[in-house]
Amino acid sequence: MDAIDEKLLSALRENGRASTAMLARLVGRSRTSVQSRIERMEKQGIIVGYGVRLAPEHAAGAVRAHVMIKVGPKETRVVSTALREIPQVRMLHSVSGEVDLIAVAVTASVAEMDQVIDRIGALDGVERTTSSIILSTKFER
């Protein structure tokens, strides 16, 4: 990875549908060079996919929360597997500090979020949870 690859990744984070021609102009390289770089990063597993980011007004009714999870000793794998089965859990981070995992959950209502948080807390291996409802996102890349 070099500075050109980093610029390409940054541009793709902003707009995953950017054309090769636009990316080439941005980094000052030919379209074929840019396409080769992107293909190489995909083959190396640096780029693993492209996704959709919804406009805030489209997701206006969604309730999002960070659920901090403290797990028992040697229980992280079991808890992670169980969390993967909860469709409202969109992302799971392993972290250092007072908690072991942070789950990002998305639901249609506060009542549903309450149920999801209770379900997470009831999983075997979970010692305790602390949750924070996300009020707004200031920016996302």
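Author: Helices and strands here are DSSP runs, numbered from the N terminus: a helix is a run of H or I with at least four residues, a strand a run of E with at least two. The model is predicted, so local features need a pLDDT of at least 70 and side-chain atom pairs count only at pLDDT 80 or more, while totals for chains, interfaces and linings use all residues. Residues are numbered from 1 along each chain as its sequence is written, and side-chain values use heavy atoms, with hydrogens and water left out.

The protein chain has five helices and four strands. Read along the sequence, their order is α-α-α-β-α-β-β-α-β. The C-alpha trace spans about 55 × 35 × 25 Å along its principal axes. The radius of gyration, taken over C-alpha atoms, is compared with a globule rule of 2.2 Å times the number of residues to the power 0.38. For 141 residues a compact globule would be near 14 Å, but this chain has 19 Å.

Next comes burial. A residue is buried when its relative accessible area is under 20%, exposed when it is over 50%, and partly exposed in between (1.4 Å probe, protein chains only). Of the 141 residues, 28% count as buried.

Now the core itself. A nonpolar core is a set of buried Ala, Val, Leu, Ile, Met, Phe, Trp, Tyr and Cys residues joined through side-chain atoms within 4.5 Å. The largest one has 18 residues, of which I69, L83, I86 and I120 touch the most other members. Two or more residues come from each of β1 (63-71), α4 (76-84), β3 (101-107) and α5 (110-121). Strand β1 gives the most, with five residues. A second, separate core has 13 residues, among them I4, A11, V34 and I38.

Contact means heavy atoms within 4.5 Å. Leaving aside neighbours within four places in sequence, I120 is in contact with V67, I69, L83, I86, V89, V126 and T129. For the whole chain, among contacts with a separation of 6 or more, 63% are between residues 24 or more positions apart.

Then there is I133, in strand β4 (residues 126-134). I133 counts as partly exposed because its relative accessibility is 45%. Apart from neighbours within four places in sequence, the contacts of I133 are V63, R64, A65 and M113. The C-alpha atoms of I133 and V106 are 9.8 Å apart, although 27 residues separate the two along the chain.

Two loop residues complete the picture. K74 lies in the loop between β1 and α4. At 83% relative accessibility, K74 counts as exposed. K74 also has a positive phi of about 60°, though it is not a glycine. R53 is in the loop between α3 (31-43) and β1, and at 41% relative accessibility it counts as partly exposed. Beyond neighbours within four places in sequence, R53 is in contact with R13, E14, E140 and R141. R53 and V27 are 26 residues apart in sequence, with 24 Å between their C-alpha atoms.
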